[in-house]
Amino acid sequence: MLGTGSWGTTFGKILADGGSHVTMWARRPELAAEISRSHRNSDYLPGVVLPANLTATANLQDALKGAQQVFIAVPSQSLRENLAAIRPHIEPTTIVVSLMKGVERGTGLRMSEVIAEGLGIDPSRIAVASGPNLALEIAREQPTAAVISSQSLETAQAVALLARNKYFRTFVNTDVIGTEFGGVLKNLIAVAIGIVDGVGYGENTKASIITRGLVEMTDFAVAQGAKAETLSGLAGLGDLIATCQSPLSRNNTAGRLLGQGYSFPAVVKQMQQTAEGLASVAPVLELARSIGVEMPIVEQVKQVLDGTLDPKDIAPHLTTDSDEPQGERTNDDAEAPGGGVVWRSVKRAFDQLRYGGRSAAGN
Ligand SMILES: NC(=O)C1=CN([C@@H]2O[C@H](COP(=O)(O)OP(=O)(O)OC[C@H]3O[C@@H](n4cnc5c(N)ncnc54)[C@H](O)[C@@H]3O)[C@@H](O)[C@H]2O)C=CC1
Ligand SMILES: O=C(CO)COP(=O)(O)O
């Protein structure tokens with residue numbers, strides 16, 4: 001296991017409680033010593049006792065030696081540099097599993113794509129894990145489910161067989177795109193919900209943003225090649241509910257601080273742990289624009305981060321939106337050939353030509 005933060009350590013415990021021998025790699029020798037000797041990681045999982053078959057080392061080569069499966073839980077933006085360090089030590093049949101929920105800034109690549117590039121291995125040897133998985137709750141052995149996804153069903157099953165125990169249940173699928181984007185996108189909606197909380201708005205606003213957020217997540221992921229059903233499963237709706245509801249969520253917490261009026265740099269300074277959503281906003285919006293998908297909620301999160309939108313103006317639609325009333329679904333217009341996303345892009349382009357950049361309503 002690479003990464004001894006809250007999720008890496010918790011997932012190591014899941015595997016060890018399922019019967020595997022787990023070796024964690026920690027950058028700091030003192031943390032490796034605390035895990036191996038005291039069976040604790042007190043900075044990240046206070047009060048949690050780790051199993052005896054989970055040990056740690058600060059030596060990367062030792063951590064990777066003979067590993068059947070390697071799990072990675074470092075901040076997404078540091079993945080590529082870590083892959084360069086582990087590449088010489090990965091054995092030819094090892095399965096590599098991403099536990100991360102971000103996209104790479106600059107390339108817009110999903111974590112499994114960065115792993116394939118960075119390690120030069122076939123996607124059939126790569127899996128991802130995602131779902132409503134707030135680390136501290138699982139470390140306290142509260143019953144939870146997750147999805148393991150790989151292009152190879154055999155690989156997903158091999159990982160799922162090890163990543164399960166009496167409190168952690170894993171399902172499998174082969175929709176890697178949907179499973180990964182579910183985890184990335186729910187972080188962005190959780191930041192929006194945090195902003196709403198920070199401003200002091202109530203349940204209607206939150207339910208509206210969560211529901212419209214799921215539409216944005218689904219439209220985006222489907223346009224990228226995901227199956228819509230994945231986004232209504234554990235890795236989509238399930239994770240969206242957990243992250244938007246929980247004060248344990250770092251993305252939600254970061255949003256709350258923004259809603260209370262802290263600036264983006266001030267929020268980053270205050271966060272002790274990784275809030276992936278903050279780094280994913282820009283690459284996700286770039287991808288969305290390149291495929292013609294509208295993400296008004298994510299756009300507003302970006303504007304709040306940029307300091308160009310007052311948090312109290314956040315809404316489940318763009319406040320400047322002057323489109324005519326729409327149906328709730330954007331991806332399944334019956335009359336739209338190829339789906340609503342394509343239809344709406346074509347319509348927008350047509351309207352621009354017809355009205356010279358003004359909307360049909362004349363605004
Ligand atoms: N904490 C959670 O509940 C969950 C987190 N995740 C995902 O897991 C990933 C890791 O998150 P957490 O463990 O929560 O973060 P964390 O902030 O608790 O821990 C990050 C770990 O990475 C290490 N690290 C930081 N920079 C590094 C670098 N340049 N190279 C190597 N290691 C570095 C830190 O020392 C720490 O051990 C994120 O992508 C997150 O979205 C996914 C599901 C649940
Ligand atoms: O991914 C998570 C829960 O599934 C953790 O969310 P945060 O990164 O916002 O804490």
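Select helix 14 (residues 276-290) and helix 15 (residues 296-306) of this predicted model. Their axes lie 10 Å apart and meet at an angle of about 135 degrees. Axes here are lines fitted to C-alpha atoms, for helices over the stretch in contact, and angles run from 0 to 180 degrees between N-to-C directions. Helices (H or I, at least four residues) and strands (E, at least two) are DSSP runs, numbered from the N terminus. Helix 14 and helix 15 are therefore oblique to each other. Angles under 35 degrees count as roughly parallel, over 145 as roughly antiparallel, 65 to 115 as roughly perpendicular and the rest as oblique.

Look down the pair: helix 14 passes helix 15 in a left-handed crossing. Left-handed means the near helix is turned anticlockwise from the far one by less than a right angle; clockwise is right-handed.

Now show side chains. Leu278, Val281, Ala282, Leu285 and Arg289 of helix 14 meet Val298, Glu299, Val301, Lys302 and Leu305 of helix 15. Contact means heavy atoms within 4.5 Å. The contact residues split into seven nonpolar, no polar and three charged. Ala, Val, Leu, Ile, Met, Phe, Trp, Tyr, Cys and Pro count as nonpolar, Asp, Glu, Lys and Arg as charged, and the others, Gly among them, as polar.

Next, go to helix 4 (residues 79-86) and helix 5 (residues 111-119). These axes are 9 Å apart, at an angle of about 35 degrees. The crossing of helix 4 and helix 5 is right-handed. Helix 4 contributes Leu79, Arg80, Leu83 and Ile86, and helix 5 contributes Met111, Val114, Ile115, Glu117, Gly118 and Leu119. This contact of helix 4 with helix 5 has seven nonpolar residues, one polar and two charged.

Two strands pair if DSSP finds at least two bridges between them.

Zoom in on strand 3 and strand 4 (residues 95-98), which pair in the parallel sense over four bridges. Val70 stands opposite Val96 in strand 4.

Last, select residues 1-155. Over this range the chain is 34% helix and 17% strand, with its end C-alpha atoms 17 Å apart.

Numbering starts from 1 along each chain as its sequence is written. Local features need pLDDT of at least 70, and side-chain atom pairs count only at pLDDT 80 or more.

Technical notes: Chains are lettered from A and ligands numbered from 1 in the order in which they are written. Side-chain values use heavy atoms; hydrogens and water are left out.
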